[in-house]
Amino acid sequence: MIHQIGDAISRLIDYRPGRLAKGTLAMTTGMGVRIIGQAVVFVILARSLGVDAFGAYVAVLALAMTVGNFSGLGVSMLMLQDTARDTSAFSDSWGRAWAAWLVSSPLCFGIYLLLAYFLLPRVIRGSAIWCFGLAEIIASPLVLYALHAYQGHEHMNRAARLVIVPVVPRLMAALVFLPLGPKVGEPSRLSLWALLYLAATICAATYALIQVRRDLGTHVSVRWDRLGRSIRQGWPFSAGGAAYKVYVDIDKVMLARLSTLEVTGAYSGAYRVLDMTDVPLASFFSAA
């Protein structure tokens, strides 16, 4: 018994974390920092936008992010899969991911505008709907492409940095919005934040693509060969992501439509707090 205890202690002392443990730690750190940044942005917006405008912001963003899951039709997940098996396949997979983005993003944006017309309250300005849609359907998927590229190469430390990338410019945008928000009229306040949000998302996407080109030696290229097969294999990933977003966010859209924006804002504020509990588990899944 004593010998077994001694062996266990020796193994514990000699333990060195493997790639999965290191990747989980890196992603947990990245997601933890992201949650903190999002919390700061949340506090700034909750105080600067007001409950009604914050409720409108959450409802529009939930719809845009749900539709945005179909941007690229899951081909970037196939890129991750193929690259993890053989890094020499990355260049071709990267090109097909871009082709899928070019084909699907305009269509997704049109569907989003149609859904917004029927589902969202009429009091929400079209400028806000357009800006949030462009950010989440056109620009944000490019950050995800870069993240998948690093994951496929098992560069989890750099992938963890990209998890933080979208939050930094949004935090800067929120700090800019903090003194400007009260100076504009309440109806225009959400439109101003939507414009800043779009600019921040474009900055994040640009930075992510520059990093991929520098670290992985690739550039923006489009490959149309075997795109149809990639879309057939990849679209279930998009459907799964959209189903998850519907599960967690459709309540915000429904509240905005069926109740009031004030109720939606208060409910969404409480919901944000619960997101922090998912960070370690989501980090493990990303690393795995």
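1. In the protein, residues 24 or more positions apart account for 83% of the contacts with a separation of 6 or more; contact means heavy atoms within 4.5 Å. This is a predicted model, in which local features need pLDDT of at least 70, side-chain atom pairs count only at pLDDT 80 or more, and totals for chains, interfaces and linings use all residues. Residues are numbered from 1 along each chain as its sequence is written, and side-chain values use heavy atoms, with hydrogens and water left out.

2. The secondary structure comes to twelve helices and zero strands. Helices (H or I, at least four residues) and strands (E, at least two) are DSSP runs, numbered from the N terminus.

3. Of the 288 residues, 46% are buried. Buried means under 20% relative accessible area, exposed over 50%, and partly exposed in between, with a 1.4 Å probe and protein chains only.

4. Helix H7 spans residues 156–164, and its buried residues are Met156, Ala159, Ala160, Leu162 and Val163. They lie on the same side of H7 because they cover an arc of only 160° around the axis, taken from the directions from the helix axis to the C-beta atoms. Asn157 and Arg161, on the other side of H7, are exposed.

5. The axes of helix H4 (residues 75–85) and helix H5 (residues 90–119) come within 8 Å and cross at roughly 175°. Axes are lines fitted to C-alpha atoms, for helices over the stretch in contact, and angles run from 0 to 180 degrees between N-to-C directions. The crossing angle makes H4 roughly antiparallel to H5, a term for angles over 145 degrees. Residues making the contact include Met79 of H4 and Trp94 of H5.

Technical notes:
Angles under 35 degrees count as roughly parallel, over 145 as roughly antiparallel, 65 to 115 as roughly perpendicular and the rest as oblique.
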